Amino acid sequence: YKANRHGMPNELASQMPILKQMLKLMNIKTMELEGYEADDIIGTLASNKNTKNYIITGDKDSLQLINENTEVWLTRKGISEIEKFDTNHFFEIYGLTPDKMIDLKALMGDSSDNIPGVKGVGEKTANDLIDKYETLDNIYAHIDEIKGKLQEKLINDKQMAYLSYELATIAKDVPLDLSIIDGNYDTYDKVKQMVEKQKEKLTEVTPEGKTL
């Protein structure tokens with residue numbers, strides 16, 4: 001479904017090995033798991049109700065992860081302009097609970113992520129439907145109450161709506177081998193000592209991302 005997306009620019013990809021290496025030296029935990037997107041790892045971490053979670057991102061998809069323990073700080077202009085979303089602020093802006101973002105995208109789609117949605121249903125109509133029926137399942141359970149062209153669109157694209165729901169959902173069950181202690185960040189002095197000790201172990205990374 002992401003066939004229209006371009007790969008990471010070479011200029012950015014070549015920096016990733018350096019970034020990971022520096023974060024390791026600074027004792028900052030990084031996580032990656034083959035077969036899973038970063039969103040899914042973030043979603044799994046954010047589902048931990050024993051911690052206070054902050055997601056700092058420019059991706060509105062993460063708004064669905066907001067809960068009583070998790071805030072999303074949406075970056076508008078780098079980190080110079082940030083809008084902080086908790087459950088209350090999300091409701092003020094969208095008039096919905098955060099989990100309903102998935103139902104909303106299932107209906108109106110998202111061209112940036114190549115999520116099709118229901119053809120001919122825009123944000124306002126999708127909002128009205130979710131406001132009245134609350135969930136995608138409930139919309140189709142009451143499809144006979146919806147009249148005219150809108151009913152026709154929903155019936156014709158029912159399969160696409162449910163596919164879009166699946167595509168828009170961030171996973172929260174990634175098998176992460178991680179404890180909270182693993183994410184603990186030590187002091188700057190210890191970081192500085194670590195850098196000094198490991199300077200000689202650093203490998204040189206070329207712009208093409210190869211090590212020498």
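Contact here means heavy atoms within 4.5 Å. The model is a predicted one, in which local features need pLDDT of at least 70 and side-chain atom pairs count only at pLDDT 80 or more, while totals for chains, interfaces and linings use all residues. Residues are numbered from 1 along each chain as its sequence is written, and side-chain values use heavy atoms, with hydrogens and water left out.

As for the overall layout, the protein chain has 10 helices and three strands; helices (H or I, at least four residues) and strands (E, at least two) are DSSP runs, numbered from the N terminus. Along the sequence these elements run α-α-α-β-β-β-α-α-α-α-α-α-α. Of the chain's 212 residues, 31% count as buried, where buried means under 20% relative accessible area, exposed means over 50%, and partly exposed lies in between (1.4 Å probe, protein chains only). Taking contacts between residues at least 6 apart in sequence, 50% join residues at least 24 apart.

A nonpolar core is a set of buried Ala, Val, Leu, Ile, Met, Phe, Trp, Tyr and Cys residues joined through side-chain atoms within 4.5 Å. The largest such core holds 29 residues, and F90, L107, I139 and L154 are the ones that touch the most other members. At least two residues of this core come from each of β2 (70–77), α4 (87–94), α5, α6 (123–133) and α7 (136–141).

Helix α5 takes part in two helix pairs described here. Packed helices are described by the angle between their axes and the distance between the axes. Axes are lines fitted to C-alpha atoms, for helices over the stretch in contact, and angles run from 0 to 180 degrees between N-to-C directions. The crossing of α5 past α9 is right-handed, a term used if the near helix is turned clockwise from the far one by less than a right angle, with left-handed used if it is turned anticlockwise. On the α5 side the contact is made by I102, D103, K105 and A106, and on the α9 side by A161, S164, Y165 and A168. By class, that contact has five nonpolar, one polar and two charged residues. Ala, Val, Leu, Ile, Met, Phe, Trp, Tyr, Cys and Pro count as nonpolar, Asp, Glu, Lys and Arg as charged, and the others, Gly among them, as polar.

In the second pair, the axes of α5 and α6 come within 9 Å and cross at roughly 130°. These helices, too, are oblique to each other, and α5 passes α6 in a right-handed crossing. Here K100, D103, L104, L107 and M108 of α5 meet E123, A126, N127, L129 and I130 of α6. The residues of this contact divide into six nonpolar, one polar and three charged.

Back towards the strands, L63 sits in the loop between β1 (53–57) and β2. L63 counts as buried because its relative accessibility is 0%. Neighbours within four places aside, L63 is in contact with V72, F85, F90, Y94 and P98. L63 and L74, 11 residues apart in sequence, are 8.6 Å apart C-alpha to C-alpha.

Helix α4 holds both N88 and H89. N88 is exposed, at a relative accessible area of 55%, whereas H89 is buried, at 18%. Residues up to four places away not counted, H89 touches E83 and K84. The C-alpha atom of N88 is separated by 9.9 Å from that of N67, 21 residues away along the chain.

Finally, a word on backbone angles. Most residues other than glycine have a negative phi. N114, not a glycine, has a positive phi of about 60°; N114 lies in the loop between α5 and α6 and is partly exposed at 31% relative accessibility. E134 also has a positive phi, near 75°. E134 is placed in the loop between α6 and α7 and is exposed, with a relative accessible area of 51%.

Methods:
Angles under 35 degrees count as roughly parallel, over 145 as roughly antiparallel, 65 to 115 as roughly perpendicular and the rest as oblique.
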